[in-house]
Amino acid sequence: MSTLNKPVRVLVVGCGNMGASHATAYHNAEGFEICGIVSTGKSKEVLNEKLGGGYSLFSDYAEALKATTPDAVCISTYPDTHEAFAVMAFEHGCHVFIEKPVADTVEGAKRVVAAAVKANKKLVVGYILRHHPSWEKFVELAQELGKPLVMRMNLNQQSHGYMWDVHRNLMKSLSPIVDCGVHYIDVMCQMTRSKPVWVSAIGARLTEEIPAGNYNYGQLQIRFEDGSVGWYEAGWGPMMSETAFFVKDVVGPKGCVSIVAKEAGGSGKSDNVDAHTKTESLRFHHAELNENNQFVKEDEWINLTDEPDHQELCNREQSYFLKAIVEDVDLTDHMNDAVNSLQIAFACDESVRTGEVVRL
């Protein structure tokens, strides 16, 4: 267990977009010390240089674990390595921060959680929206709308250049509705605090550039025990439309709350990672009518001054990870929520592939 005056020594594994952001957070945080950086390609050299150089670099994860004996491991590799890498870290007595999804199967995710519990170490999963003040407010206001809720969300990305390379690599192991969908399914579960009962989903393969069994456009629907319903849509690729690519909306008997991202929703920004978390404004509409069927209250615009960018959100995630380690925070609910949202996402994947409704 770390003490406040002794930094947590962390091994950074994976140096892509998320890995580099987490490494930057560790580099700038007093409570952490990077003891090594791991990647199979050149990205570790690029990241090391960006951070001022001087860090130990490794191409092999197992070798890095033995050589650096870290207190914690940050895993931001492709999802098909997550389970093996996390379990290995726990077997070496390390705490783990892992990018979502926990694993590329539900059973794998459960094994990772079991390994964390057995080792009595912390497992924090990268649900970045849980650390965003505007998204927290979005969930809070949704709970004032009554039940049932109707939740409408999407994140379509007209990816090209580097981002299309990233998306094609991701689609070797996951579909867009699983990779991105876990965030928004998690948000829906927080909004309803109700049990999902069934899912239905559709998907389409719009390019030959991805594996034969996968699809790069998907849309899922969830029905909850309390009558709430939600849909989420995600498409990746140069063919995607930027019309209505950013919908974040929840409707209840008493009105609706919407994220209105005028800037982030602007043309040409659908594959900009910073734009995905930007909220800018929350619009709170009240449904109450007077005797003439006119609205009693005007719509409220809530502009939260705390608008962290992508790097700041990663900083906050790592602050939470540090707090969990130092203060021995009970992460049981956190881990269960991560497995639950992944289970729902994979059920949606199954629905796409079978054409059937999947009961949970």
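A crossing of two helices is called left-handed if the near helix is turned anticlockwise from the far one by less than a right angle, and right-handed if clockwise. The views below come from a predicted model, where local features need pLDDT of at least 70, side-chain atom pairs count only at pLDDT 80 or more, and totals for chains, interfaces and linings use all residues. Residues are numbered from 1 along each chain as its sequence is written, and side-chain values use heavy atoms, with hydrogens and water left out.

**View A. Helices α1 and α11 cross in a right-handed way.** Helices (H or I, at least four residues) and strands (E, at least two) are DSSP runs, numbered from the N terminus. Here α1 (residues 17-28) packs against α11 (residues 310-326) at about 65°, and the axes sit 9 Å apart. Those axes are lines fitted to C-alpha atoms over the stretch in contact, with angles running from 0 to 180 degrees between N-to-C directions. On the α1 side, the contact (heavy atoms within 4.5 Å) is made by N17, M18, S21, H22, T24, A25 and Y26. Helix α11 brings H310, Q311, C314, N315, E317, Q318 and F321. Sorted by type, that's five nonpolar, eight polar and one charged. For the sorting, Ala, Val, Leu, Ile, Met, Phe, Trp, Tyr, Cys and Pro are nonpolar, Asp, Glu, Lys and Arg are charged, and the others, Gly among them, are polar.

View B. Searching the whole structure turns up zero disulfides (pairs of cysteine sulfur atoms within 2.5 Å). C35 is buried (under 20% relative accessible area; exposed is over 50%, partly exposed in between, with a 1.4 Å probe and protein chains only), at 10%.

**View C. Y78 sits in the loop between β4 and α4.** The strand β4 covers 72-75 and the helix α4 covers 82-91. With 34% relative accessibility, Y78 is partly exposed. Skip its neighbours within four places in sequence, and Y78 touches V166, N169 and L170. C15 is 63 residues from Y78 along the chain, with 11 Å between their C-alpha atoms.

**View D. Domain 1 meets domain 2.** Domain 1 spans 8-121 and domain 2 spans 130-312 + 341-359, with bounds from an automatic or database domain assignment. Their C-alpha centres are 28 Å apart.
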